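The entries follow in the order I looked things up.

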Amino acid sequence: MRLLVIGTGSIGERHLRVFQQLDRCDAIAFCETHPARRAEIAARYGIPEAFAFPDLDSALAKGAYDLAVVATPAPTHLAIGTRLAELGVHQLMEKPLSLSLDGVEDYARLVAEKGIVVAVGYVHRAHPAVAAIRREIASGRFGKPVNVSISTGQAFAQIRPAYREVYFAKPELGGGAINDMITHMYNVGDWLAGPIRRLVTDAAHQVLEGVTVEDTVHTLTRHENGAMGSYTLNLYQHPNEVLMTVVCERGTLRADYARLRWSWMDEPNGTWHHEPVEVPDRDEIYRVQNAAFLDAVDGSGEVLCSLDDAIRTLHVNLASHRSATEAGWQDIPS
Ligand SMILES: NC(=O)c1ccc[n+]([C@@H]2O[C@H](COP(=O)([O-])OP(=O)(O)OC[C@H]3O[C@@H](n4cnc5c(N)ncnc54)[C@H](O)[C@@H]3O)[C@@H](O)[C@H]2O)c1
């Protein structure tokens, strides 16, 4: 399998490294428009000059690929994805799928016609604590989800010191906490409790220096099955935490990243049962996600986040923005 990574900024570099670690591709090439960054990545990962391209045109002119990673800023995703789909190239597309619905239907139709695999990089589905509570919910043991709370925060300025210079600072490039961050949680909420059908969002810039995009988001949701949800995120609290609690008819499940565990309780005022998970490094969840993509391409498995799932999350992102600017509850089409 020949892989092309498009865009080797922060996440494209991680994907390139992870695919090297997985060692399931025969060749890895990349294209990166920024010359210094291109040279840096080629040197760091031992990619020959002939496989390090300045843009997609030259990469496609000089080689044929079975798989691609689209790791450029969001407004470019669909145009690049459409071009690759026309060539029958399977794709791991970074999130969010896009910033509007323009071109989404055509892209989805083309992907179906060409029969290619598309995975979208909503990588929290690959976290073992999330996968465990999803598995428990799907088993039916706890009954259906009725209440979802997802609370997350991190010291973003320390985790991504370049945040002022990259797409994050610009809404038109997919910046801000809705398109960049809480979208992951909306996607997980959809996976755990089913599609979100209504929401109301309050969002604002509170703390992060040098940008004006929202760094704080609070959203209430109603899911298709009637479950109620609340999602909160800030990008400045000191602890780096993700806490997800799903209250089901006959028990409560919790994923806790900071404590590396998932937990369950199945009696009122009972005791928590804690189950440890292992996440040896920050690449781990990407290894799980990207291996699932390769399994889907070779027919031995399924992607973690399908194109349909990512399109639902795009509708949620758009509704969340509408609510934050226009106020009030927003409906999300089914
Ligand atoms: N799933 C995740 O965990 C995760 C994490 C970070 C970013 N992302 C997503 O990945 C995308 C990229 O984010 P990032 O943080 O890597 O951004 P970044 O700005 O660090 O990197 C983007 C890179 O793409 C290059 N580039 C831009 N247009 C190009 C083109 N047409 N052809 C080739 N190269 C091009 C830029 O020079 C840059 O190096 C965004 O959509 C973002 O939301 C996902």
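**Ground rules.** Helices (H or I, at least four residues) and strands (E, at least two) are DSSP runs, and I number them from the N terminus. I am working with a predicted model, where local features need pLDDT of at least 70, side-chain atom pairs count only at pLDDT 80 or more, and totals for chains, interfaces and linings use all residues. Residue numbers start from 1 along each chain as its sequence is written.

Entry 1: I looked for a cis peptide bond and noted the one from Lys 95 to Pro 96, with omega near -15°. I placed Pro 96 in the loop between strand 5 (90-93) and helix 5 (104-114).

Asp 23 has phi near 55°. I found Asp 23 in the loop between helix 1 and strand 2 (27-31). Ala 327 also has a positive phi, near 75°. Its loop runs between helix 10 (307-326) and strand 15 (330-331).

Are these two buried or exposed? For the cut-offs, I place C-beta atoms from the backbone and call a residue buried if 20 or more other C-beta atoms lie within 10 Å of its own, exposed if 12 or fewer, and partly exposed in between. Asp 23 counts as exposed because it has 6 C-beta neighbours inside 10 Å. Ala 327 has 11 such neighbours inside 10 Å, so it counts as exposed.

**Entry 2: the sheet.** I count two strands as paired if DSSP finds at least two bridges between them. I traced an open sheet of 9 strands with mixed pairing, in the order 14-13-12-11-7-10-9-8-15. Strand 14 (273-276) and strand 15 are the edge strands, each pairing on one side only.

I then followed strand 7 (residues 145-153). Strand 7 pairs with strand 11 (residues 241-248) in the antiparallel sense, over 8 bridges. There I see Ser 149 opposite Thr 245, and Pro 145 opposite Cys 248. Strand 7 runs parallel to strand 10 (residues 228-234), joined by 7 bridges. On that side Ile 150 stands opposite Tyr 231. A reminder to myself: strands of a sheet pair through backbone hydrogen bonds, either parallel or antiparallel.

Which helix packs on strand 7, strand 8, strand 9, strand 10 and strand 11 of the sheet? Helix 8 (residues 177-193) does, and its direction makes about 150° with that of strand 10. I take a contact as two C-beta atoms, placed from the backbone, within 7 Å. Axes are lines fitted to C-alpha atoms, for helices over the stretch in contact, with angles from 0 to 180 degrees between N-to-C directions. Helix 10 lies across strand 8, strand 9 and strand 15, at about 50° to strand 8.

I also looked at Pro 239, in the loop between strand 10 and strand 11. Pro 239 counts as exposed because I find 8 C-beta neighbours inside 10 Å. Pro 239 and Arg 37 are 202 residues apart in sequence and 31 Å apart in space, C-alpha to C-alpha.

**Entry 3: domains.** The bounds come from an automatic or database domain assignment. It gives domain 1 (2-121) and domain 2 (124-280 + 304-331). Their centres, taken over C-alpha atoms, are 26 Å apart. The contact takes 15 residues from domain 1 and 13 residues from domain 2. On the domain 1 side, helix 5 and strand 6 (118-120) are the elements giving two or more residues.

I sorted that side by class, with Ala, Val, Leu, Ile, Met, Phe, Trp, Tyr, Cys and Pro as nonpolar, Asp, Glu, Lys and Arg as charged, and the others, Gly among them, as polar. I got 12 nonpolar, 2 polar and 1 charged residues.

**Entry 4: Phe 293.** I found Phe 293 in helix 9 (residues 284-297). Phe 293 counts as buried because 26 C-beta neighbours lie inside 10 Å. What does Phe 293 touch, not counting residues up to four places away in sequence? I noted Leu 92, Ala 119 and Val 303.

**Entry 5: the ligand.** Of the 27 residues around the ligand, Gly 7, Gly 9, Ser 10, Ile 11 and Glu 94 come nearest. Helix 1 (residues 10-22) gives the largest share of the shell, 3 residues. The shell has 10 nonpolar, 11 polar and 6 charged residues. Domain 1 and domain 2 each supply at least three residues to the shell.

Key
A residue is near a molecule or strand if its C-beta atom, placed from the backbone, lies within 6 Å of it.
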